[in-house]
Amino acid sequence: MPNATDPESVIRALDKVGVDFSIPKLDLVDFLQNAEFTPYPAMSAALLALLNSSMLKRPVFLDVIVFNYEHSPGEPSPRRIEDVNTGLLEASVLQGFNNRYAQQETAFSGLLKPLDVPQPPAQTLSLVVEGTLSVQGDVTLVDTDNPRVEVTTRLIKVNSEAAHAMVAQELHRENNGWRFTNGDVHLSVSNGEADAGLRPVRAGSLSDDALAWPTMDGTFSGDTGAEVRLQSRIRVGYRPVDVKLLVEGRKGFAANAATQGRIALDPQVLLVPVEVARFFSDQFPVSNISVTGQMALWDQVPVLNATTNFRSLDGGTGELNFAERQWDVWPTLNNEGLYTHLGWISPDSIWAKAKVRFRLVNYIDIKTDNVHAAPASGDGQTDRRLRENNDTLAGHPQHIADKPVLKVIFMERIAPPDSDHIGQALIGNGSIGIAAGTTADKDANIAHEIGHLITGSQAHSNLPNNVMNSPGPGTQISDDQVQKARSWAEQFAAFWAH
């Protein structure tokens, strides 16, 4: 048990069993030092006793547990551990879990997973975050909302009931595929918007359980206590997220014992919410546009190969034999230092020079007729069907109408086949159209069309390699474009307000 008079040791002990917090840490430290007037010391001690040989499978906020307990019938507020009602405490944890993760667990036991004993948890030896600008207090501020995070861990031996012996964790990577034998490994991301899905209420993390895999090919074994460097990709926002490594053994997770990192998007970076709509028909399926592909384009989120993503369990004991996975896409920088997907350069790679980033917050598939998926010859004005699709999107029930978003409309063609348009900005409507079926070079065309919205003009540039050049947009932006981009992006600040 931790030293009950040392709030930091109590916080670390709670973290190991899956109890975190959403209130400011200084407030929590103050509460834990005040056993006379707050229930936090008593309830923390009771939680640690309750979770002595197990941990919560997903974190639950301590302050929410205390709130639920104190608002139970009779409004109890214990000051000693012996005054804590165990059944009521379990119910308070269960309520906090279900509310946080929108679940319907009915029993406290369903929230638990065993600690992998007798082996100690794996130790994180270092943590490196892409795009780090500075460290303010205990928060690492980054210039990208999609950082790659690297950690180094040491593999160990774990107990196997099936083998009646200690067996070594083994991690093998070859190209984009990897296998973890006698365990699994994840990067836990908490306290952001872990459960928010594609439309976060705030700018937070993509998920609370990002897959981690080796940074290089090779085989690493717990027989020799091998150190292996792991990498993952997460989404962060202005609210700091807590990041730590979770290594799994044969029987369950063991929390990372090292101090966890906290990561947030630098406040000077302006984040633009993006809503993507795919307009398709039976004849023109626009099949190369998908939500996973758009996540990779806008947010550098890797795409997982579903056919090689599985976990093998022992049929007798239920222990984890191995986890095997393979990325379809793992975003990496090209020779020019740019992220690309399906031939398009990620807009982040260009407009981030103005400290402007883009985040996919909504994706809609809209089935339409052939002429609205691919305008035909003699179909009137070049942008007629695109404008009609923009009107359709604005009236769609899934469209985000309460706050401004950048609308991106994908069609097979955005104009009749005799037109050379592969992109079009609808200035004044906050939307752009992109031809997904073009055989022309795509390159920076999405960033180029966004540039027309930023400048509020259909005019082009003649500066060398500038993104607003036509034809053939480049990848550079001028000082004037930097200022205009920042002014334009400020209109979306309200989207992330909380």
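Contact is taken here to mean heavy atoms within 4.5 Å. The structure is a predicted model. By this criterion, Phe 358 touches Asp 145, Leu 271, Val 272, Val 274, Trp 298, Asp 299, Pro 347, Asp 348, Trp 351, Leu 406, Ile 450 and Trp 488, with residues up to four places away in sequence not counted. Phe 358 also belongs to the largest nonpolar core, which comprises 42 residues; together with Trp 298, Trp 351, Ile 450 and Trp 488, Phe 358 touches the most other members of that core. Apart from it lies another core, of 31 residues, including Val 19, Leu 28, Ala 42 and Val 84.

Trp 488 lies in helix H11 (residues 479-489), where Gln 481, Val 482, Ala 485, Arg 486 and Ala 489 are likewise buried. These residues are on the same side of H11 because they cover an arc of only 160° around the axis. Asp 479, Gln 483 and Ser 487, on the other side of the helix, are exposed. The buried residues of H11 pack against strands E21 (270-280), E27 (356-367) and E28 (406-411), and against helices H7 (347-351) and H10 (445-455).

In the loop between H10 and H11 is Pro 471, which is joined to Ser 470 by a cis peptide bond with omega of about -5°. Lys 355, in the loop between H7 and E27, has a positive phi near 60° although this residue is not glycine. A positive phi, of about 40°, is also found at the non-glycine residue Asp 443, located in the loop between strand E30 (431-435) and H10. Lys 355 counts as partly exposed, at 37% relative accessibility, and Asp 443 is partly exposed with a relative accessible area of 37%.

Conventions. Residues numbered from 1 in each chain as written. Predicted model: local features only at pLDDT ≥ 70, side-chain atom pairs only at ≥ 80, totals over all residues. Heavy atoms only, no water. Core = buried A, V, L, I, M, F, W, Y, C linked by side-chain atoms within 4.5 Å. Buried < 20%, exposed > 50% of the residue type's maximum accessible area, 1.4 Å probe, protein only. Helix = DSSP H or I, 4+ residues; strand = E, 2+ residues; numbered from the N terminus. Arc of directions from axis to C-beta.
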